[in-house]
Amino acid sequence: MSVRVPVFLPVEEHAKHPHSPYLFVSPKTGTMFDPDSFRHTHEKILKAIGAEHIRFHDLRHTFATLSLKYGVDVKTLSGALGHYDAGFTLSTYTHATVEMKRDAADAIGNVISQAM
C-alpha cells in the first residue's frame, strides 16, 4: 500500500501570494500555514519516506550546526535565524559534531607539535 504524500512547494505557493510575509503560505487561505496542518504534513512525509520521527524544529538546529561546520560566519547565521544576538545562536542552536571535535583536537595537536 502506498502512502499519498501531499505536494507542498513553499516557494511556488509563496510566489502566488507575493505580498505575504510568510514563507509557508496556506494554499487554502493565502495566509500563514496553520502550524498543526504543517506538523501533520511533515509527519506524513516522514512516514511516507520511512524516516524516523524528527520534530520540524530540530531541522533548524541541524541547519545552524551544518552552516557553522561549512564556514558560514556566526553573525550571518544569527541573522538568517532571526536572532538579535550571535551569542544566543551559538549557545542555543549549534551543536558540535564528532567530526568538528576531532578537527579541533587535530588543530590543537598540530599547534603543540609545531611548538615542540
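View 1. Glu43 is partly exposed, with a relative accessible area of 30%. This view, like the others, is taken from a predicted model. The side chain of Glu43 meets that of Arg39 in a salt bridge, with 3.0 Å from N to O. Both residues belong to helix H2, where they are 4 residues apart, so about one helical turn separates them. Arg39 is also partly exposed, at 43% relative accessibility.

**View 2. The salt bridge between Arg55 and Asp58.** The closest N and O atoms of Arg55 and Asp58 are 2.6 Å apart. Asp58 counts as partly exposed at 22% relative accessibility, and a residue has to be under 20% to be called buried.

**View 3. The salt bridge between Lys69 and Glu99.** Here the closest N and O atoms lie 2.7 Å from each other. The pair links distant parts of the chain: Lys69 sits in helix H3 and Glu99 in helix H6 (residues 98-115), 30 residues apart. Lys69 is partly exposed, with 28% relative accessibility. Glu99 is partly exposed as well, at 38%.

**View 4. A network of Asp36, Arg39 and Glu43.**

**View 5. The crossing of helices H3 and H5.** Helix H3 covers residues 56-69 and helix H5 covers residues 86-93. Their axes come within 10 Å and cross at roughly 110°. Angles of 65 to 115 degrees count as roughly perpendicular, so H3 is roughly perpendicular to H5. The crossing is left-handed. On the H3 side, the contact is made by His57, Arg60, His61, Ala64, Thr65 and Leu68. On the H5 side, Leu90, Thr92 and Tyr93 take part. The residues of this contact divide into 4 nonpolar, 4 polar and 1 charged.

**View 6. Phe24 in the loop between helices H1 and H2.** The loop that holds Phe24 runs between helix H1 (10-15) and helix H2 (35-49). Phe24 is partly exposed, with a relative accessible area of 26%. Phe24 and Pro35 are 11 residues apart along the chain, and their C-alpha atoms are separated by 9.7 Å.

Technical notes: Residues are numbered from 1 along each chain as its sequence is written. This is a predicted model: local features need pLDDT of at least 70, side-chain atom pairs count only at pLDDT 80 or more; totals for chains, interfaces and linings use all residues. Side-chain values use heavy atoms; hydrogens and water are left out. Helices (H or I, at least four residues) and strands (E, at least two) are DSSP runs, numbered from the N terminus. Buried means under 20% relative accessible area, exposed over 50%, partly exposed in between (1.4 Å probe, protein chains only). Axes are lines fitted to C-alpha atoms, for helices over the stretch in contact, and angles run from 0 to 180 degrees between N-to-C directions. Angles under 35 degrees count as roughly parallel, over 145 as roughly antiparallel, 65 to 115 as roughly perpendicular and the rest as oblique. A crossing is left-handed if the near helix is turned anticlockwise from the far one by less than a right angle, and right-handed if clockwise. Contact means heavy atoms within 4.5 Å. Ala, Val, Leu, Ile, Met, Phe, Trp, Tyr, Cys and Pro count as nonpolar, Asp, Glu, Lys and Arg as charged, and the others, Gly among them, as polar. A salt bridge is a side-chain nitrogen of Lys or Arg within 4 Å of a carboxyl oxygen of Asp or Glu.
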